[in-house]
Amino acid sequence: MKEAGLLGLGATVIGSLPACGTKEAETAQVPSAREWTSDPEWLKVKYGEWSGPGVPVGPGPMDQVLLKDYAPRSSVIAPQTFIPKAKFPVIDIHLHHYPAQEKGKRPKEALEEWIKTMDEVGIEKSVILTVATGSQFDMMVDFYLNSYPDRFQLFCGIEKKDIDKLDYPERAVKELERCYSLGARGVGEVTDKGYGITGDPRLAPNERMHFDDVRLDTFWRKCAELNIPVNLHLADHPSSWQPPDVYQERTPIFQQFNQFGSDGVPYDELLDYLPKLLTKHPDTTFIACHLANLGNDLARLGQTLDAYPNLFLDISARDYEIGRQPRAASKFLAQYSDRVMFGTDMGMDKGMYQGWWRLLESADEHMPGRSWWRYYGLELPDEVLRKLYRENALKILNWT
Ligand SMILES: [Zn+2]
């Protein structure tokens with residue numbers, strides 16, 4: 001069941017609480033609401049300086065409403081801007097092989113529909129992080145590049161077989177060169193959520209291969225030599241390492257990613273791999289996806305960008321971070337306008353793209369989003385949007 005916490009963001013997990021918490025967490029006593037309302041810490045976390053709801057808390061039918069079902073209908077009457085197409089052409093740098101996941105449709109059919117959607121919403125090019133090597137990668141080349149070379153760019157994966165064998169570094173580089181010769185123009189996404197890049201929880205801690213592992217040195221150097229960037233997924237949202245209890249920041253939708261109590265490397269230690277890697281390989285371009293999983297701490301993220309000129313970011317799947325701190329996020333995206341790229345990582349729906357345009361381009365307030373909190377539009381200026389949407393990708397990615 002540990003795998004539940006290791007699945008990619010796009011994965012669907014059916015079921016309730018994943019059993020990656022400790023025994024204590026699973027059997028933790030959840031006191032009744034009455035007990036919580038007199039708990040000073042709970043009051044502080046819930047109400048801040050307001051110190052309470054200001055009305056007596058009494059029993060009623062809403063006591064039967066489950067958190068996972070709660071979907072409050074807002075009474076706010078405010079502008080709702082519909083932005084069907086992005087203001088400028090967009091390169092989406094974070095996507096996966098979605099057409100193969102469409103139920104009841106042939107992949108080619110799904111691909112053609114996707115291109116139609118891309119045209120409608122203003123996506124010029126999509127970068128597929130295939131995570132694939134070998135024949136799997138060859139299939140992607142045939143699927144995307146042979147049919148629509150102008151609309152897609154492919155990143156290949158990294159060899160993950162037999163990482164304990166002496167010839168691993170050489171094998172990994174050889175496969176990279178082969179994928180490059182077929183058209184790969186980046187590597188990714190390479191993920192470490194605590195168990196190393198193979199994501200295998202059965203490996204003992206000393207067998208896991210994290211980003212700064214010597215076995216990967218020649219690989220990262222080869223990426224620099226070929227002038228191809230690497231898309232890294234390090235750690236996950238910090239709430240994933242917090243207990244699935246009343247203080248958990250995210251609602252049950254995200255509990256499939258919870259790895260509280262797992263024996264993988266914890267969040268804070270995982271983040272340390274990034275500066276180690278960036279120092280060791282200053283000539284290699286790294287793109288830390290999902291705002292490096294530091295979207296909750298933009299000051300720290302800015303300091304990291306200041307310290308490492310070979311680090312870039314994508315904003316994929318972090319709509320709920322920038323949407324809940326629109327002023328700080330706008331400032332951040334303006335200050336680091338040369339370092340951040342647009343990505344989605346959320347499938348092929350037209351509405352999803354349009355949700356992004358509304359978030360980035362409009363000044364709408366109190367918008368529903370993918371988390372329990374509401375989003376606020378960033379109203380980014382044109383020069384920031386242009387770089388975020390396209391110009392940075394043209395500079396940082398290898399389009400030859
Ligand atoms: Zn992804």
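**Group meeting: a walk through a predicted protein chain**

Hi everyone, let's start with burial: of the 400 residues of the protein chain, 40% count as buried. A residue is buried if 20 or more other C-beta atoms lie within 10 Å of its own, exposed if 12 or fewer, and partly exposed in between, with the C-beta atoms placed from the backbone. Please keep in mind that this is a predicted model: local features need pLDDT of at least 70, side-chain atom pairs count only at pLDDT 80 or more, and totals for chains, interfaces and linings use all residues. Residues are numbered from 1 along each chain as its sequence is written.

Now the overall build. The protein chain has 14 helices and eight strands; these are DSSP runs numbered from the N terminus, helices being H or I with at least four residues and strands E with at least two. Along the principal axes, the C-alpha atoms fill a box of roughly 70 × 50 × 45 Å.

Let's move to the strands. Two of them pair if DSSP finds at least two bridges between them. Strands of a sheet pair through backbone hydrogen bonds, either parallel or antiparallel. Here, strand β1 (residues 90-95) runs parallel to β2, joined by four bridges, and Val90 stands opposite Ile123 in β2. On to β3 (residues 152-155): four bridges join this strand to β2, again in parallel, with Val127 opposite Gln153 in β3. The chain gets from β2 to β3 through helix α5 (residues 134-145), in a right-handed β-α-β crossover. Right-handed means that, with the strands pointing away from the viewer, the path from the first strand over the helix to the second runs clockwise.

So how enclosed is strand β2? Six of the seven residues of β2 (residues 123-129) are buried, so this strand is largely enclosed by the rest of the structure.

There is also an open sheet of five strands, in the order β4-β5-β6-β7-β8, with parallel pairing. Its edge strands, β4 (187-192) and β8 (340-341), each pair on one side only. Strand β7 (residues 311-314) pairs with β8 over two bridges, and Leu313 stands opposite Val340 in β8.

Last stop, Tyr180, which you'll find in helix α6 (residues 168-182). Is Tyr180 buried, exposed or partly exposed? Tyr180 has 19 C-beta neighbours inside 10 Å, so this residue counts as partly exposed. Leaving aside neighbours within four places in sequence, Tyr180 is in contact (C-beta atoms, placed from the backbone, within 7 Å) with Leu226 and Ile228.

Terms used: Contact = placed C-beta atoms within 7 Å.
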